[in-house]
Amino acid sequence: MKILVPVKRVVDYNVKVRVKADGSGVDLANVKMSMNPFDEIAVEEAVRLKEAGIATEVIAISCGPAACQETLRTAMAIGADRGILVETDVELQPLAVAKLLKALCDKEQPQLVVCGKQAIDDDANQTGQMLAALAGWPQATFASKVVVADGKATVTREIDGGLETLQFALPAVVTTDLRLNEPRYATLPNIMKAKKKPLDTVKPEDLGVDVAPRLKTLKVVEPAKRSAGVKVADVAELVNKLKNEAKVI
Amino acid sequence: MSILVIAEHDQQTLKAATLNTVAAAARIGGDIHVLVAGAGCAAAAAQAATLQGVSKVLVADAAHYAAQTAENLAALVLANAAGRTHILAPATTFGKNLLPRVAALLDVAQISEITAVESADTFVRPIYAGNAMATVQSADPVKVITVRTTAFDAVAAGNNAPVEALAAAADTATTQLQGRELTKSERPELGAAKIIVSGGRGLGSGENYHKLLEPLADKLGAALGASRAAVDAGFVPNDYQVGQTGKVVAPQLYLAIGISGAIQHLAGMKDSKVIVAINKDPDAPIFQVADYALVADLFETVPQLEQSLG
Ligand SMILES: Cc1cc2nc3c(=O)[nH]c(=O)nc-3n(C[C@H](O)[C@H](O)[C@H](O)COP(=O)(O)OP(=O)(O)OC[C@H]3O[C@@H](n4cnc5c(N)ncnc54)[C@H](O)[C@@H]3O)c2cc1C
Ligand SMILES: Nc1ncnc2c1ncn2[C@@H]1O[C@H](COP(=O)(O)O)[C@@H](O)[C@H]1O
């Protein structure tokens with residue numbers, strides 16, 4: 001079976017972004033970009049399924065500008081077999097990405113799509129669920145354990161009160177949570193090998209998908225700042241302040 | 001024309017997040033209908049009818065809604081979407097799982113985790129782990145929205161809205177719930193607690209976490225939370241995690257103990273009213289958001305704090 005893994009190029013998770021003075025967005029000039037951390041976990045999971053003899057091919061897909069090729073190469077260095085870049089300079093929103101992925105699912109006929117649960121730039125947490133809806137497939141979001149056998153998946157999900165386990169027939173969409181696995185580091189030989197793996201480029205028009213944004217961003221501002229606090233010398237002073245100044249205990 | 005709020009509940013009672021979501025709906029303005037889908041969920045529906053601002057409660061009671069799967073609930077919401085201006089659910093794992101599926105079936109965008117309503121089509125939401133706030137406008141015919149519950153004060157009870165039965169949609173029979181392992185606790189729910197005692201890697205072990213923080217939480221009537229590092233290290237279960245990718249909380253008092261204050265952690269707690277940090281590293285970033293900073297060893301100061309609360 002084939003597994004498709006969508007990988008998004010995002011601002012690295014260690015970067016604290018700055019809002020542009022004109023309120024038009026965040027400043028992305030010269031900022032370090034990386035693969036969305038949840039997508040690394042997704043690639044790792046797919047590659048493990050291949051290593052276990054359950055999957056036959058792992059295809060990484062990234063939608064966005066030409067620079068997403070880097071993200072695809074990273075996915076291939078972890079172990080994806082090939083990459084597809086859906087190239088566009090249009091700002092992509094989750095519904096548009098889901099439609100692009102749906103078109104590629106029609107073409108590639110995977111049995112499983114493993115997405116990240118959330119892109120750490122837009123913090124949308126939507127694309128996997130939307131793809132499942134468009135494809136009419138089952139979904140298991142926020143997965144912390146995935147077992148595939150006999151055309152079925154059994155997935156443990158992290159929910160607010162604890163954990164739940166769902167079982168469903170493939171094809172399906174799974175989205176990853178942080179504790180699903182610990183992605184491996186790409187070794188130098190694998191990075192070199194990844195450079196030779198096939199990488200195809202298509203355009204949204206080739207897939208017949210209208211990617212025009214549905215939401216318009218009117219402005220982007222900094223969040224309210226907290227005013228600087230005070231140092232307390234010891235527990236007695238802390239308790240006194242909490243009781244008499246903040247009045248919260 | 002009306003707003004549809006999808007209730008999150010456990011058949012008996014509404015999850016507190018539902019009350020905040022109704023509050024967000026009230027900000028938008030218009031008739032508010034609350035959908036309670038479940039199996040044997042009459043009690044939850046009766047509670048929904050008491051919420052201020054609700055004009056009608058719709059109950060879909062059928063065996064195939066017991067597990068609340070996204071597949072079955074999305075089909076039900078879709079069948080009842082006509083005439084809705086907005087469809088809202090809390091931005092909890094329940095709402096995040098469900099609403100994107102609904103939005104895609106309606107071919108509209110979904111707007112995640114709104115923190116403010118500017119007008120019927122314009123909303124504010126955090127991006128980049130809350131390091132920026134975006135104001136977004138939707139031109140879609142129906143706005144499908146998840147609500148950050150900490151940004152809207154829960155509506156009160158005291159209403160008596162009519163309750164109407166709704167026909168169930170067909171069972172999609174796509175997924176089977178095999179089981180749930182829910183964390184049992186006598187403590188308040190993390191999302192609704194007034195005081196949260198949260199521990200990080202600095203506690204060193206699960207044993208220390210429980211030994212030091214539980215007595216303190218007991219004295220304060222507080223919920224317990226944790227950083228991702230504490231969860232990863234196995235000190236506590238996953239549903240304790242506060243942060244960008246865990247729970248977002250905004251209690252009256254948040255005590256961060258042995259937590260460094262990574263961007264991803266701050267994203268989940270920096271809207272708390274009062275923040276206390278106990279950390280032995282004076283340069284820990286948590287101190288940049290703390291109202292009261294105690295630079296000290298937690299193994300000494302946490303027991304002292306517990307003692308002095310009498
Ligand atoms: C995609 C992604 C998503 C993430 N999401 C989240 C999230 O939702 N929530 C989250 O919390 N993290 C999240 N993280 C992880 C985050 O980046 C940090 O790694 C994590 O928050 C660190 O946890 P910590 O503060 O407990 O541990 P550390 O950073 O190791 O800090 C431990 C602190 O304890 C202090 N300490 C040690 N001993 C003592 C002592 N005896 N007395 C007093 N202080 C002491 C140290 O000085 C230190 O500051 C995410 C990371 C990624 C990549
Ligand atoms: N432009 C993109 N290219 C590839 N995958 C994407 C893209 N946008 C979102 N995804 C996938 O969808 C997941 C959730 O993203 P989001 O819904 O934006 O939070 C990500 O973790 C990726 O797996």
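Let's start with ligand 1: by class, its shell holds 11 nonpolar, 13 polar and 5 charged residues. For those classes, Ala, Val, Leu, Ile, Met, Phe, Trp, Tyr, Cys and Pro are nonpolar, Asp, Glu, Lys and Arg are charged, and the others, Gly among them, are polar.

Some ground rules. This is a predicted model, where local features need pLDDT of at least 70 and side-chain atom pairs count only at pLDDT 80 or more, while totals for chains, interfaces and linings use all residues. Residues are numbered from 1 along each chain as its sequence is written, chains are lettered from A and ligands numbered from 1 in the order in which they are written, and side-chain values use heavy atoms, with hydrogens and water left out.

Back to ligand 1. It is surrounded by 29 residues, and the closest are B:S227, B:Q241, B:T245, B:S260 and B:N279. Near, here, means that a heavy atom of the residue lies within 4 Å of the molecule. The surrounding residues come from chains A and B, so the two chains share this site. Which helices each supply at least two residues of the shell? They are α1 (37–51) of chain A, plus α6 (228–232), α7 (263–266) and α8 (298–308) of chain B. Helices are DSSP runs of H or I with at least four residues, strands are runs of E with at least two, and both are numbered from the N terminus.

Now the polar contacts, meaning pairs of N or O atoms within 3.5 Å. An N or O atom in the side chain of B:Q264 sits 2.8 Å from an oxygen atom of ligand 1. A polar backbone atom of B:R228 is 2.9 Å from a ligand oxygen. B:D297 places a polar side-chain atom 3.4 Å from a nitrogen atom of ligand 1.

Next, ligand 2. Of the 18 residues around it, A:D39, A:C63, A:A119, A:N125 and A:T127 come nearest. A polar side-chain atom of A:D39 lies 2.4 Å from a ligand oxygen. The backbone takes part too: an N or O atom of A:A119 is 2.7 Å from an oxygen of ligand 2, and a polar backbone atom of A:G116 is 3.0 Å from one. How much of ligand 2 does the protein bury? The answer is 98% of the 480 Å² that ligand 2 exposes when taken alone. Strands β4 (57–64) and β6 (112–116) of chain A each supply at least two shell residues. The largest share, 3 residues, comes from β4(A).

In α6 of chain A, residues 235–245, A:V235, A:L238, A:V239 and A:L242 are buried. Buried means under 20% relative accessible area, exposed over 50%, and partly exposed in between, using a 1.4 Å probe and protein chains only. Down the axis of α6(A), the buried residues fall within an arc of 95°, so they line one face. That arc is taken from the directions from the helix axis to the C-beta atoms. On the other side, A:A236 and A:N244 are exposed. Just after α6(A), A:K247 takes a positive phi of about 55°.

Helix α1 of chain B, residues 16–28, is mostly covered, with 10 of its 13 residues buried. B:G29 follows α1(B), with a positive phi near 95°.

Last, one residue. A:S144 is in strand β7 (residues 139–149) of chain A. At 17% relative accessibility, A:S144 counts as buried.

Definitions and conventions:
Polar contact = N/O pair within 3.5 Å; in protein donor to acceptor, adjacent residues only side chain to side chain. Areas by Shrake-Rupley, 256 points an atom, 1.4 Å probe, with all protein chains shown as cover.
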